[in-house]
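This briefing is for a reader who is new to the structure. Please look over the sequence and the model first, then read the points below.

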Amino acid sequence: MKITSIRVWQVDLPLSKPYWLSGGRLRFDAWKLGACEGVKVPNCVGGLTKARQIRDFGMSVGWQMHLEDLGGSALADTAAIHLASSTPRENRLASWLCHHHLAVDPVPGQGARNVKGYATPPSAPGLGVSPDADRLGTPVSTFH
């Protein structure tokens, strides 16, 4: 497949409910010292590839992990649930879906959704969702 163009959107998804984010870096020494029982691996560490690298390291040392997005849309939640579902059960503590805090859903009715406390990734190719371009708005850049 040859890519002929790439469209980039700036997605402004206002929150419908307030939320609080805490920052910080993974502290590998905290795990070694027994100061924590689990580690949170969000997508915001540099994307899904970096989150997977951290997850893979965590699996190799026996971490239990929260694998989730941090304040994103159902697109980001779905990516995180794909990562979580590919993680062995003994290394998973939980995942949190945060898209319900947003006022706009770019993939209405699609993606990983909380159904009675469980989220399952879509089985369609890729992330398994098709964003609604009208909900994304006008691209801020287009590359040909």
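The model is predicted.

Helix α2
- Helix α2 covers residues 48-61, and its 14 residues should span 20 Å at 1.5 Å a residue; the end C-alpha atoms are 20 Å apart, which agrees.
- Ala51, Ile54, Arg55 and Gly58 are the residues listed as buried in α2.
- Viewed down the axis of α2, these buried residues fall within an arc of 105°, so they line one face of the helix.
- An α-helix has 3.6 residues a turn, so residues three or four places apart point the same way.
- Thr49 and Ser60 lie on the other side of α2 and are exposed.

Helix α3
- The twelve residues of α3 reach 16 Å from the first C-alpha to the last, close to the 16 Å expected at 1.5 Å a residue.
- Ser73 caps the N-terminal end of α3, with a side-chain oxygen 3.1 Å from the backbone nitrogen of Leu75.
- Buried residues of α3 include Ala74, Asp77, Thr78, Ile81 and Leu83.
- Among the elements that cover the buried residues of α3 are α2, β3 and β4.

Lys116
- Lys116 is in the loop between β4 (92-94) and α4 (133-136).
- Lys116 is not a glycine, yet has a positive phi of about 55°.
- Lys116 is exposed, and its relative accessible area is 81%.

Methods: Residues numbered from 1 in each chain as written. Predicted model: local features only at pLDDT ≥ 70, side-chain atom pairs only at ≥ 80, totals over all residues. Heavy atoms only, no water. Helix = DSSP H or I, 4+ residues; strand = E, 2+ residues; numbered from the N terminus. Expected span 1.5 Å × (residues − 1). Buried < 20%, exposed > 50% of the residue type's maximum accessible area, 1.4 Å probe, protein only. Arc of directions from axis to C-beta. Contact = heavy atoms within 4.5 Å. Polar contact = N/O pair within 3.5 Å; in protein donor to acceptor, adjacent residues only side chain to side chain.
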